[in-house]
Amino acid sequence: MFTSSFEQIYCIEGEKLLLKCSVYSDSIDVKWFKDNLKQYKHEKIERNKNISIDSDGKDHVMTIQNAKVTDSGQYIIIAGNVRKQLSVTVEAFFKPPLKDKTIMEGVEVSFECEAEKPFPVAWFKDNILVNDSSKFKIETLQNKVHKLTIRPTSIKDKGKYRIQMKDKSDITCCADLDVKEMPDAVKQMSEHDRNMFLKAAQSGTAVRYYIRIMIVGESGVGKTCLLRRLMNENIGDVRSTDGINIEVKQCKINRQTQKWIFTSDEEFSKTAYQNEDFADCGFWDFAGQKEFYATHQTFLSTNAIYLLVVDISKDFADKTHKKMIEDEFDKVGGN
Ligand SMILES: Nc1nc2c(ncn2[C@@H]2O[C@H](COP(=O)(O)OP(=O)(O)OP(=O)(O)O)[C@@H](O)[C@H]2O)c(=O)[nH]1
Ligand SMILES: [Mg+2]
């Protein structure tokens, strides 16, 4: 009955879908059906605004003007008492589809999807057109990848975000954005720390460079005073250190120029120093008394910078390694 062959048909959502067949005689009536898998039956396809069924002698064609993903499936063409099955796949225009997202306020978020072919698109939030602005960044990458970035988010940005082919509102894809309130603990952080936290929350990781600077030496040689002077602080009230005193965030080191910058955290957040080019420094001011030596060893890492402070007014030859071990270290702990 049929003189044409039947091959699987692919098309993209929004395109025109043409199903064709030819029969050997003009007088043969051709009917078109679609498999309704849910109801285990074939449904006769009728003409409507979107579907036309035409014939030109022996050639028959069924046209769906604006194909939908739901038009995919098995089509059955019946000519006389012969039936043929035709497999049709209508690919979604936007793939992968937009994904629902949940984020914390303050974090930048993006919705991204790829279109099957280059075509102008429009973005909507709760059905209101979104324009490129300081709040919303609309990008098209490599002609086909569409990206909407919301920066930075607030609770008001919660809603349904939708992308559609321009002028074709039925070729669309949407996702929900849920924005959670920032925890109080994060709100209370300094601006610099909060920015670091938000950056980490967004990317999942944060690069942090931290340098330990160990100030070691005998008791009373001036370790604490040296640290105070480095920090531009007064040395009037310096007392002998008890255990270890750790000073952080007062100094940063530029990783490129290796320049040391002594400043407070607030000053830092106001300046342009808030990026990964800087390493935080932690100054570890150890107490010099021998009683602490045993516990201090736990902290003496090889990954650190050591400032060995000595009193040059005293006889240095007296402090050789050998002599210290024999006469002084052995007596640590009361022996
Ligand atoms: N002459 C002189 N005295 C100093 C200098 N630096 C510190 N001192 C004095 O040395 C004394 C001890 O100074 P600290 O800074 O407490 O010494 P430290 O090494 O931290 O001592 P511990 O914490 O006990 O290990 C203080 O009375 C300071 O005034 C210096 O450069 N010259
Ligand atoms: Mg000290």
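In what order do the 3 strands of the open sheet that contains β6 stand? The legends below take up this point and several others in a predicted model.

**View 1. The open sheet of β2, β6 and β5 in the predicted model.** The 3 strands of this open sheet follow the order β2-β6-β5, and their pairing is antiparallel. Because β2 (17-22) and β5 (51-56) stand at the edges and each has a single partner strand, one side of each is left without a neighbour in the sheet. From one strand to the next, the twist averages 15 degrees. Between β2 and strand β6 (residues 59-64), which run antiparallel, there are 6 bridges, and in this pairing Lys-20 has Val-61 of β6 as its bridge partner. Strands of a sheet pair through backbone hydrogen bonds, in either the parallel or the antiparallel sense.

**View 2. The open sheet of β10, β14 and β13.** Here 3 strands form an open sheet in the order β10-β14-β13, again with antiparallel pairing. The edge strands of this sheet are β10 (109-114) and β13 (136-141), each of which pairs on one side only. When direction is ignored, neighbouring strands of the sheet are turned against each other by 15 degrees on average. The pairing of β10 with strand β14 (residues 145-150) extends over 6 bridges in the antiparallel sense, and the bridge partner of Phe-111 in β14 is Leu-148.

**View 3. Strand β16 and its pairings with β9 and β15.** Strand β9 (residues 101-104) and strand β16 (residues 168-180) run parallel and are joined by 4 bridges, with Ile-103 standing opposite Val-179 in β16. Strand β15 (residues 159-165), by contrast, runs antiparallel to β16 and is joined to β16 by 7 bridges; Lys-160 has Asp-176 of β16 as its bridge partner. β15 and β16 form a hairpin with 2 residues between them, and in the turn Asp-167 has a positive phi of about 70 degrees. In a regular strand, the side chains alternate between the two faces of the sheet.

**View 4. The shell of residues around ligand 1.** Ligand 1 is surrounded by 13 residues, of which the closest are Gly-222, Lys-223, Thr-224, Thr-241 and Gly-288. Helix α3 (residues 223-230) provides the largest share of this shell, with 3 residues. Sorted by residue class, the shell around ligand 1 divides into 4 nonpolar, 8 polar and 1 charged.

**View 5. The buried side of helix α3.** Lys-223, Thr-224 and Leu-227 are buried in α3, and, because they cover an arc of only 95 degrees around the axis, they lie on the same side of α3. An α-helix has 3.6 residues a turn, so residues three or four places apart point the same way. Lys-223 and Thr-224 are also among the residues closest to ligand 1. Just after α3, Asn-232 takes a positive phi of about 60 degrees.

**View 6. The protein chain as a whole, for orientation among the close-ups.** The protein chain has 6 helices and 21 strands. Of the 335 residues in the protein chain, 14% are buried. When contacts are considered between residues at least 6 apart in sequence, 64% of them join residues at least 24 apart.

Notes. Residues are numbered from 1 along each chain as its sequence is written. Chains are lettered from A and ligands numbered from 1 in the order in which they are written. This is a predicted model: local features need pLDDT of at least 70, side-chain atom pairs count only at pLDDT 80 or more; totals for chains, interfaces and linings use all residues. A residue is near a molecule or strand if its C-beta atom, placed from the backbone, lies within 6 Å of it. Ala, Val, Leu, Ile, Met, Phe, Trp, Tyr, Cys and Pro count as nonpolar, Asp, Glu, Lys and Arg as charged, and the others, Gly among them, as polar. Two strands pair if DSSP finds at least two bridges between them. Axes are lines fitted to C-alpha atoms, for helices over the stretch in contact, and angles run from 0 to 180 degrees between N-to-C directions. A residue is buried if 20 or more other C-beta atoms lie within 10 Å of its own, exposed if 12 or fewer, and partly exposed in between; C-beta atoms are placed from the backbone. The arc is that of the directions from the helix axis to the C-beta atoms. Two residues are in contact if their C-beta atoms, placed from the backbone, lie within 7 Å.
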